[in-house]
Amino acid sequence: MIQADLIIQRLIRPLLFIWLVIAGSVGLAIGVGYLLPSGDEMTYANIFDSKRSSSVNIFLRDMSRGLEKRLTHDSGTNALAKWSPDGTQIAYLALNGSKFHVYLMDAVGGNKRQLGVEFTTFDSSYLWSPDSQWILFSITDKGVPQSLIVNARTGEKYQLPQTIGAGMWSPDSQNIIYQASTENGISHLYGMNIECFTQSYPCQFSELDFLGDSANEIKLVWSPDGKKLTYTQYDDDQSKLVVAMLGCMELKASCIQNKKSVADISYLVTPLWSADSQQLAFAASQTEIRIIQLESGSTRSYNIAEGVPALQNWSPDGHFITYFSNQNGNATIFILDTMSGETYPLFKYQVMAISPSWRPNPH
């Protein structure tokens with residue numbers, strides 16, 4: 001009998017050890033948000049209600065496994081999370097009382113630290129530089145509008161010589177660019193090299209003419225690889241979406257090797273580049289999302305429920321696109337499967353989720 005018990009114990013112990021390892025792995029997966037190797041990941045903000053309070057916090061969701069982790073546990077509003085382009089950091093805004101504060105955390109919500117930026121009004125969406133070193137803000141604090149850049153590593157701040165509203169970065173992260181219209185409605189581009197903050201020459205914006213007169217409506221968007229850009233052009237009562245191929249990253253007309261119109265558009269759109277810079281997506285109408293494959297020139301159209309889609313971003317593998325759509329009075333996050341053409345809400349049941357952001361593939 002004793003010998004039989006020993007035999008049973010010897011059989012059970014390895015099985016018990018294996019079960020504990022599996023259970024621990026599943027628990028770890030739920031705790032950190034993914035199993036290695038990780039699947040496609042997305043951050044989003046969600047309203048969290050309890051009996052005592054209501055708050056908005058940020059969650060990390062592994063899209064391929066359906067696992068999820070809550071990254072912030074603070075009162076108030078914590079939202080507008082944005083991944084750094086290298087996929088290693090998440091910036092987000094926290095609103096407590098009447099002040100916004102900016103925080104950074106790592107890819108699984110650890111090592112939170114506050115950047116020395118606070119303000120009362122958020123004027124436009126903030127923007128990481130392509131090299132993940134800087135963040136551009138346009139804000140208002142105590143009634144004073146300002147634009148500034150912040151070093152994500154050191155927290156150093158530099159105020160731009162003028163308020164620019166919604167600015168953009170050049171692909172090399174050296175220049176800040178913004179668009180402004182004159183009284184006759186013609187758009188112009190202005191740029192400034194940020195080296196002026198650490199060098200002896202004064203910081204000031206100068207008009208850029210590297211697109212010439214061909215981009216009279218502009219709305220400039222660079223591809224992720226920095227080798228292409230899109231802009232809009234108004235010609236013969238028709239707006240066109242134009243793609244320009246670049247031979248260098250300097251903001252000079254000589255860098256533009258060729259350009260071609262890829263689509264007629266009925267109104268100004270902001271196209272969305274795929275992560276590999278090979279595809280462009282845009283809302284062609286209230287019920288249609290269109291994708292252009294640049295190499296072949298082929299176009300795919302996807303019909304969606306009416307609701308004016310606001311495109312957000314591509315998944316890193318180019319398989320999915322997230323977009324907002326106002327369905328029955330509710331702004332809901334939808335996902336377009338570009339392979340099957342199927343569209344579906346991020347959550348099966350209605351959840352008030354905002355600011356979806358796919359994690360870029362780490363470089």
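Start with strand S10, residues 134–141: with three residues, S10 gives the most to the lining of the second largest cavity. Strands here are DSSP runs of E, at least two residues, numbered from the N terminus. A cavity is a set of points on a 1 Å grid over the protein atoms alone where a 1.4 Å probe fits but cannot get out, and lining residues have an atom within 4 Å of a point.

This is a predicted model: local features need pLDDT of at least 70, side-chain atom pairs count only at 80 or more, and totals for chains, interfaces and linings use all residues. Residues are numbered from 1 along each chain as its sequence is written, and side-chain values use heavy atoms, with hydrogens and water left out.

Back to that second cavity. Its space is about 30 Å³, a volume being what is filled by probe spheres set on the points, joined across faces, edges and corners. Leu-136, Phe-137 and Ser-138 are among its lining residues, as are Gly-165, Ala-166 and Gly-167.

The largest cavity holds about 50 Å³. Its lining includes Trp-222, Glu-250 and Lys-252.

Now strands. S14 (175–181) and S15 (187–193) run antiparallel over seven bridges; pairing takes at least two DSSP bridges. Tyr-178 has Tyr-190 in S15 as its bridge partner. S15 also pairs with S16 (206–208), antiparallel, over three bridges. There, Leu-189 stands opposite Leu-208.

Last, confidence. Mean pLDDT, the predictor's per-residue confidence from 0 to 100, is 80 for the chain. Residues 1–38 stay under 50.

Terms used: Contact = heavy atoms within 4.5 Å. Helix = DSSP H or I, 4+ residues; strand = E, 2+ residues; numbered from the N terminus. 1 Å grid on protein atoms, 1.4 Å probe; cavity = no way out; pocket = protein on both sides within 12 Å on 5 of 7 lines; lining within 4 Å.
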